[in-house]
Amino acid sequence: MIYITRKEHFNAAHKLFNPAWSEEQNNATFGKCANKNWHGHNYDLYVTVKGAVNPDTGFVVNLKDLSTVIKTDVTEILDHKNLNMDVKGMPVMPSTENVAIFIWNILNPKVKEMGAVLHRIKLYETDSNYVEYFG
Ligand code: NI
């Protein structure tokens, strides 16, 4: 078993705001991310897949094909979008955790079709904060 990773990038806006809570509670919990008029992040996405090395190619999967799938099915849907308003199927709270799970659910069947197994979604929201999801 060997693991390979493709890095992609997208920018998106969001806010984290629980409408069931007071403004004070939202601000205390989410800080700047609760800003009513949105804010943006530069997301770095690392998609790791695992599998056996194909003896004909020396690859687990062709990273060019994996990049195309990520771009078509993930970054085209998320890039320059408002994650709260523009993205069908996104959970109400578009936290890094929920965005990572959203991306996993899209890519998991696509990676299977490529003959490999999705191992990890690693999503950086800032240089300091990232989430890892293993399904
Ligand atoms: Ni934020």
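Start by selecting Cys-33: it counts as buried, with 15% relative accessibility (buried means under 20% relative accessible area, exposed over 50%, partly exposed in between, using a 1.4 Å probe and protein chains only). Before moving on, know that this is a predicted model, where local features need pLDDT of at least 70, side-chain atom pairs count only at pLDDT 80 or more, and totals for chains, interfaces and linings use all residues. Residues are numbered from 1 along each chain as its sequence is written, and side-chain values use heavy atoms, leaving out hydrogens and water.

Which protein donors does the nickel ion have? Select His-14 (NE2), Cys-33 (SG), His-39 (NE2) and His-41 (NE2), which lie 2.0 to 2.2 Å from the nickel ion. Donors here are N, O and S atoms within 2.8 Å of the metal (3.2 Å for Na, K and Ca); water is not among the atoms, so sites may look incomplete. The 4 donor atoms make angles of 92 to 133°, giving a tetrahedral site (for four donors, all angles must lie between 85 and 135 degrees). Along the sequence, the spacing of the donor residues reads H-x18-C-x5-H-x1-H.

Next, switch to cartoon view. You'll find an open sheet of 5 strands in the order S3-S1-S2-S4-S5, with mixed pairing. Its edge strands are S3 (81-82) and S5 (130-133), each pairing on one side only. Strands are DSSP runs (E, at least two residues) and helices are runs of H or I, at least four residues, numbered from the N terminus; two strands pair if DSSP finds at least two bridges between them.

Select S1 (residues 2-14): it runs parallel to S3, joined by 2 bridges. Click Ala-12 and look opposite for Lys-81 in S3.

Then pick helix H2 (residues 63-78), which packs on the sheet and touches S1, S2 (39-51) and S3 (contact means heavy atoms within 4.5 Å). Among the buried residues of H2 are Leu-66, Val-69, Ile-70 and Leu-78. Their cover includes S1, S2, S3 and H3.

Select H3 itself (residues 96-113), lying across S1, S2, S4 (117-124) and S5.

Last stop: S4 and S5, which pair in the antiparallel sense over 4 bridges. A hairpin of 5 residues links S4 to S5. Click Leu-123 and find its bridge partner in S5, Val-131.

Terms used. Four donors count as tetrahedral if all angles lie between 85 and 135 degrees; four count as square planar and six as octahedral if opposite donors are over 155 degrees apart and all others between 65 and 115; anything else is irregular. Axes are lines fitted to C-alpha atoms, for helices over the stretch in contact, and angles run from 0 to 180 degrees between N-to-C directions.
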